[in-house]
Amino acid sequence: MKEELHPNPDIVYRQQMAKIARSRGHTVNTPRRRVLRHRVVLWYLAALAALCLWALRLYGVIDAPF
């Protein structure tokens with residue numbers, strides 16, 4: 001059985017400070033990425049269409065093309 005311990009705040013602090021010290025002068029700013037609304041809607045519609053086709057094949061309304 002594997003048990004997880006709570007993070008030790010001293011160790012977490014030391015790790016964060018070490019990471020800051022290593023990256024001084026070498027920071028890289030990455031822009032936030034936005035997902036366009038129409039792409040999300042298109043993705044959901046494609047998933048809905050796939051589920052509908054799967055259900056129609058399951059009930060025998062349409063034949064499988066392969």
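Me: What share of the 66 residues in the protein is buried?

Reply: A residue counts as buried under 20% relative accessible area. In this predicted model, buried residues make up 0% of the 66.

Me: How many helices and strands does the protein have?

Reply: There are 2 helices and 0 strands. The radius of gyration is 25 Å, well over the 11 Å from the globule rule for 66 residues, so the protein is more spread out than a compact globule. Along the principal axes, the C-alpha trace spans about 65 × 40 × 20 Å.

Me: What does the accessible surface come to, and how much belongs to carbon and sulfur atoms?

Reply: About 7500 Å², with 61% belonging to carbon and sulfur atoms.

Me: Which residues make the nonpolar surface patch?

Reply: Patch residues need over 30% relative accessible area. Here L51, L53, W54, L56, L58, Y59, V61 and I62 make a patch of about 870 Å².

Me: Take V61: is V61 buried or exposed?

Reply: Exposed means over 50% relative accessible area. V61 has 58%, so V61 is exposed; its place is in the segment after α2 (37-58).

Me: And how far apart are the mean positions of the positive and negative charges?

Reply: They're 19 Å apart, for 11 positive and 4 negative charges.

Technical notes. Residues are numbered from 1 along each chain as its sequence is written. This is a predicted model: local features need pLDDT of at least 70, side-chain atom pairs count only at pLDDT 80 or more; totals for chains, interfaces and linings use all residues. Side-chain values use heavy atoms; hydrogens and water are left out. Patches are made of residues with over 30% relative accessible area and no salt bridge: like charges are joined within 9 Å, nonpolar side chains (Val, Leu, Ile, Met, Phe, Trp, Tyr) within 5 Å. Accessible areas come from the Shrake-Rupley method with a 1.4 Å probe; for residues, only the protein chains shown count as cover. A salt bridge is a side-chain nitrogen of Lys or Arg within 4 Å of a carboxyl oxygen of Asp or Glu. Helices (H or I, at least four residues) and strands (E, at least two) are DSSP runs, numbered from the N terminus. Buried means under 20% relative accessible area, exposed over 50%, partly exposed in between (1.4 Å probe, protein chains only). The radius of gyration is taken over C-alpha atoms; the globule rule is 2.2 Å times the number of residues to the power 0.38. Lys and Arg count as positive and Asp and Glu as negative; His and the chain ends are not counted. The place of a charge is taken as NZ of Lys, CZ of Arg, CG of Asp or CD of Glu.
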